[in-house]
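Please open the model in your viewer and keep the sequence beside it. This tour moves from one selection to the next and says what can be found at each stop.

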Amino acid sequence: MDFDYIPCTVASESIDEDLLECTMEGCDCDGECTADSSPLLECHDSCSCVATGCRNRRVQFGVKKRVEIRPSEGKGMGLFAMYYIHLEENIGRGEFVCEYAGEMVSKEEVERRKEEEGGSRQHNYVLTVKEHCADDTLHTWFIDPSRKGNIGRFCNHSCDPCLGVVVLRVGTIAPIVGLFALRDIPSGIELCYDYGESALEGGEGGEGRKNCLCGTSICRGWLPLSTSATE
């Protein structure tokens, strides 16, 4: 495959490392952790709780579910809950499946890479995280798994997805994007999430517009399309 596998998101050279070194205070639980994880802050190395028995540590331990990458009809490759004899994997509602891991890059770097690729919209793996902060500012993060990533990059779009996106933190202000089951998922099912609403209008024949192949009863007909790689 034409990318380097990484288990979790890493910062690219375009990101100020000082920004990611801003650490969060840990919990002071004695024994089993009772930390309130809302907003979603996982316990980390600065916490007093015991890591192996902490209920507030899931994403940081990586993929635990048995999944497989295989062809998905009309979509290229896809990610599926494993289905083999004696290796079936049923995923329960609310369970963690995988991180959407990649390089954390700046807006300028996203645009530079897209320009380097000739501006094509054929393959855009960049996931944009927009967060409204307490001071009424909007902070935008970009995670690009096109060159360095994990199995999350193979999750296709669905208008009625079985996975949901959850943004959380583990010790620093850098966001981690986790994919969690929205409902019980039987083995053999393709694992998809909703790429979001389209920033552009247009139907059949629209430039760069792709048909959605999710096949669900609420299919919107088209994959989301943005005005640029950083929208």
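S72 has its place in strand β3, and S72 is buried, with a relative accessible area of 7%; buried means under 20% relative accessible area, exposed means over 50%, and partly exposed lies in between, with a 1.4 Å probe and protein chains only. Helices (H or I, at least four residues) and strands (E, at least two) are DSSP runs, numbered from the N terminus.

Before going further, please note that this is a predicted model, in which local features need pLDDT of at least 70 and side-chain atom pairs count only at pLDDT 80 or more, while totals for chains, interfaces and linings use all residues. Residues are numbered from 1 along each chain as its sequence is written, and side-chain values use heavy atoms, with hydrogens and water left out.

Now extend the selection to strand β3 (residues 67-72) and strand β4 (residues 76-81), which pair in the antiparallel sense over 6 bridges; two strands pair if DSSP finds at least two bridges between them. One of the partners to look for is L79 in β4, which is the bridge partner of I69. β3 and β4 form a hairpin with 3 residues between them, and G74 in the turn has a positive phi of about 80 degrees.

**Second stop: the whole chain**

Zoom out and colour by secondary structure, and the protein shows 2 helices and 11 strands, which follow the pattern β-β-α-β-β-β-β-α-β-β-β-β-β when read along the sequence. Of the 231 residues in the protein, 41% are buried. Among the contacts with a separation of 6 or more, 62% are between residues 24 or more positions apart.

Which residues touch the most other members of the largest nonpolar core? Select L79, I91, L163, I185, L191 and Y193, which do so within a core of 27 residues; a nonpolar core is a set of buried Ala, Val, Leu, Ile, Met, Phe, Trp, Tyr and Cys residues joined through side-chain atoms within 4.5 Å. At least two residues of this core come from each of β4, β5 (96-99), β7, β8 and β11 (176-181), and β11 gives the most, with 3 residues. Apart from this core lies another, of 7 residues, among them C27, C29, C33 and C47.

Next, show the open sheet of 4 strands, which has the order β2-β6-β8-β7 with mixed pairing. Its edge strands are β2 and β7, each of which pairs on one side only. Strand β6 (residues 103-105) and β8 run antiparallel and are joined by 3 bridges, and the bridge partner of V105 in β8 is F142.

Within strand β6, select E103. Is E103 buried or exposed? At 8% relative accessibility, E103 counts as buried, and, not counting residues up to four places away in sequence, E103 touches V10, S12, R113, F142, I143, D144, R147 and K148.

A search of the whole structure finds 1 cavity of 30 Å³ or more, and about 70 Å³ of space lies in the largest cavity. Of the 10 residues that line the largest cavity, the closest to its centre are K114, E117, N124, V126 and D144. On a 1 Å grid over the protein atoms alone, a cavity is a set of points where a 1.4 Å probe fits but cannot get out, and lining residues have an atom within 4 Å of a point; grid points are joined across faces, edges and corners, and a volume is the space filled by probe spheres set on the points. Helix α2 (residues 107-116) supplies the largest share of this lining, 3 residues.

**Last stop: D136**

Finally, select D136 in the loop between β7 (127-132) and β8 (138-144). D136 has a positive phi of about 65 degrees although it is not a glycine, and D136 is exposed, with a relative accessible area of 75%. For background, most residues other than glycine have a negative phi.

Note on methods:
1 Å grid on protein atoms, 1.4 Å probe; cavity = no way out; pocket = protein on both sides within 12 Å on 5 of 7 lines; lining within 4 Å. Contact = heavy atoms within 4.5 Å.
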